[in-house]
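Reader: Could you walk me through the spot where the ligand sits? I'd like a close look at that one part and what lines it.

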Amino acid sequence: MSQAAAKTYDPNNIFARILRGEIPCGKVYENEHVLAFRDINPQAPVHVLVIPKGAYVDMDDFSARASADEIAALMRATGEIARAEGIAQSGYRVLSNCGANGGQEVPHLHLHLVGGRTLGRMLQAQ
Ligand code: 5GP
């Protein structure tokens, strides 16, 4: 397996500060490896951000360095939150913006869990 280039983690990014309790969040879920909270600017009736507690910049970094337990915990938590939010039957979208082309704004890996309405096509037409 190829090794991802090491990425420098900014310990003062906004989600790191939420993890340290320096900034409040609308928490919906927490366990040993994962924290989830409501997006401050929701794009749908349900818009939750699911993040690992470990210091991972993005999906590239996480997929290369995180432990199997951390990866499993993030996936398990996302499905569990979707069920708890009542969107598992109606359907939802999980996405993670990675890097510049992905349009990532906060440099701590986060999964957007979005649902509660019809979401339309995944990508806007160019
Ligand atoms: P990105 O563009 O990096 O994929 O998404 C970052 C997300 O974080 C955006 O949807 C934005 O609304 C959300 N966000 C940014 N700052 C905060 C904050 O301080 N608290 C919460 N709950 N969400 C935030």
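**Around the ligand**

Author: Let's start with α1, which gives the most to the shell around the ligand, namely three residues. Keep in mind that this is a predicted model. The ligand takes up the space of the largest pocket. Two elements give two or more residues to its shell: α1 (14-19) and β2 (34-38).

Now for the residues themselves. There are 16 of them around the ligand, and the ones that come nearest are D39, N97, E105, H110 and H112.

A polar backbone atom of R38 is 2.9 Å from a nitrogen atom of the ligand. For I40, a backbone N or O atom lies 3.3 Å from a ligand nitrogen. Over at G103, a backbone N or O atom is 3.4 Å from an oxygen atom of the ligand. As for how much of the ligand is wrapped up, on its own it has 520 Å² of accessible area, and the protein covers 85% of that.

One last stop, H108. You'll find H108 in the loop between α4 (99-102) and β5 (111-115). Is H108 buried or exposed? Its relative accessible area is 0%, so H108 counts as buried, the cut-off being under 20%.

Definitions and conventions:
Residues are numbered from 1 along each chain as its sequence is written. This is a predicted model: local features need pLDDT of at least 70, side-chain atom pairs count only at pLDDT 80 or more; totals for chains, interfaces and linings use all residues. Side-chain values use heavy atoms; hydrogens and water are left out. A residue is near a molecule or strand if one of its heavy atoms lies within 4 Å of it. A polar contact is a pair of N or O atoms within 3.5 Å; within protein, one must be able to donate a hydrogen and the other to accept it, and residues adjacent in sequence count only if both atoms are side-chain atoms. Accessible areas come from the Shrake-Rupley method with a 1.4 Å probe; for residues, only the protein chains shown count as cover. On a 1 Å grid over the protein atoms alone, a cavity is a set of points where a 1.4 Å probe fits but cannot get out, and a pocket is an open set with protein on both sides within 12 Å along at least five of seven lines; lining residues have an atom within 4 Å of a point. A molecule sits in a cavity or pocket if more than half of its atoms lie within 2 Å of its grid points. Helices (H or I, at least four residues) and strands (E, at least two) are DSSP runs, numbered from the N terminus. Buried means under 20% relative accessible area, exposed over 50%, partly exposed in between (1.4 Å probe, protein chains only).
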